[in-house]
Amino acid sequence: MRRLIRLAGAIGLSNCRELRSPYKLTFALTYRCQFSCAMCGIGARSPLPELSTDEIAEFFRRSNRFSWVNLSGGEIFLREDLRAIIAAMSRHCRDLYVLNFPTNGYQTDHIIENVREIVRSTRIPRILVTVSLDGPPDVHDRIRNKPGSWERAVETFRGLRQLRGRRFNVLFGMTLQDANAGLFPETVRSAAQQIGDVRDDDFHVNVQHTSSHYYANTTRGAIRDAKAVLQGLRLVMPDRRSVIIDPVELMERRYRRLTERYLLTGRTPVKCQAFGASLFLDPAGTVYPCTIFDRPIGNLRDAGYALEQLWNDGRRQALRWEILQGCCPHCWTPCEAYPSMLANLLSLGTR
């Protein structure tokens, strides 16, 4: 309860004023990946000198006020020290309430074993995994450029679903793009045919973005047909499993509504919280506002692994001002969208 109160307090303050420190961290642990996806260049980029287990533990020891950590990649399960990293995070971040991370689902047994141990061995109140699934079998495998990847992703979801409980949940994650814009209903049906009870609300849906420093996909092109992707997004209408409307469902619906606005205008639909409530850390320890805005302010190795030194630097404050003025690339990635929506709660029912 104490952790939830801390997170709720930070969210509440973000609706009123600028925060003194971020409550959410997006941390790409590695850029290694088995895939070379059509919409993403991470798997093809040169590897960075990743922070070691000890360096990451020192970072969380000295920067331990996060309530929400989103681990990302690449494919984070390619790090053999993943469990040690999460153990250090759990040990030092006493306010940590939410841990979430995606996986391509390719190493089925390895992923299930590690997630089971992470849930068992930590006291993190909420852990969420998304397994990427970008279409029915032929479309998914073509987008992911990896034959058999659809079947492995679905089997990973099937195994992780057995671990669902009060603290753990798993969803499919679908990235809408030109190649799969209208295929959400077919994607749900194909997964349901393979493993049984799969419904619309077993999916989190977002849209393709481009980024030079994260996705490394600026030469692969952005969405060419935004209208088709917008129409595809409108096919995402999750069935209600319960007559009770819960906060997560409300946020998911609002995210989709605001994604429509983003696709129509190309602009972030609410005041962004990048470098306010949140930040992005790459595998080598370089600190960025987010996964899209390529304006780093320094590296943890040069700051003694203490985020506070970089956070209070004038460069971070100047970039925060630019973001508030809309002088950024504009995006609507889930990494930044959710803290931004949570900082605009008064408009929850009107946007």
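Buried means under 20% relative accessible area, exposed over 50%, and partly exposed in between, with a 1.4 Å probe and protein chains only. Keep that scale at hand for the exercises below.

This is a predicted model, in which local features need pLDDT of at least 70, side-chain atom pairs count only at pLDDT 80 or more, and totals for chains, interfaces and linings use all residues. Residues are numbered from 1 along each chain as its sequence is written, and side-chain values use heavy atoms, with hydrogens and water left out.

**Exercise 1. Find the buried residues of α6 and say what covers them.**

Step 1. Helices (H or I, at least four residues) and strands (E, at least two) are DSSP runs, numbered from the N terminus. Helix α6 covers residues 149-161.

Step 2. Its buried residues are Ser149, Trp150, Ala153, Val154, Thr156, Phe157, Gly159, Leu160 and Arg161.

Step 3. An α-helix has 3.6 residues a turn, so residues three or four places apart point the same way.

Step 4. The cover over these buried residues includes α4 (108-121), β4 (126-132), α5 (137-144), β5 (168-176) and α7.

**Exercise 2. Check the length of α6.**

Step 1. The expected span of a helix is 1.5 Å times one less than its number of residues.

Step 2. For the 13 residues of α6 this gives 18 Å, and the end C-alpha atoms are 18 Å apart, so the two agree.

**Exercise 3. Describe how α6 packs against α7.**

Step 1. Axes are lines fitted to C-alpha atoms, for helices over the stretch in contact, and angles run from 0 to 180 degrees between N-to-C directions. Helix α6 meets helix α7 (residues 184-195) at an angle of about 65 degrees, and the axes are 11 Å apart.

Step 2. Now list the partners, where contact means heavy atoms within 4.5 Å. From α6 come Trp150, Val154, Glu155, Phe157, Arg158 and Arg161, while α7 supplies Ser190, Ala191, Gln194 and Ile195.

Step 3. Sort them by type: Ala, Val, Leu, Ile, Met, Phe, Trp, Tyr, Cys and Pro count as nonpolar, Asp, Glu, Lys and Arg as charged, and the others, Gly among them, as polar. The contact residues divide into 5 nonpolar, 2 polar and 3 charged.

**Exercise 4. Inspect the backbone at Gly74, Asn145 and Tyr305.**

Step 1. Gly74 is in the loop between β2 (68-72) and α3, and the peptide bond from Gly73 to Gly74 is cis, with omega near 15 degrees.

Step 2. Asn145, in the loop between α5 and α6, has phi near 55 degrees, a positive value in a residue other than glycine.

Step 3. Tyr305, in the loop between β9 (298-299) and α10 (307-311), has a positive phi near 65 degrees. Tyr305 is also buried, at 18% relative accessible area.
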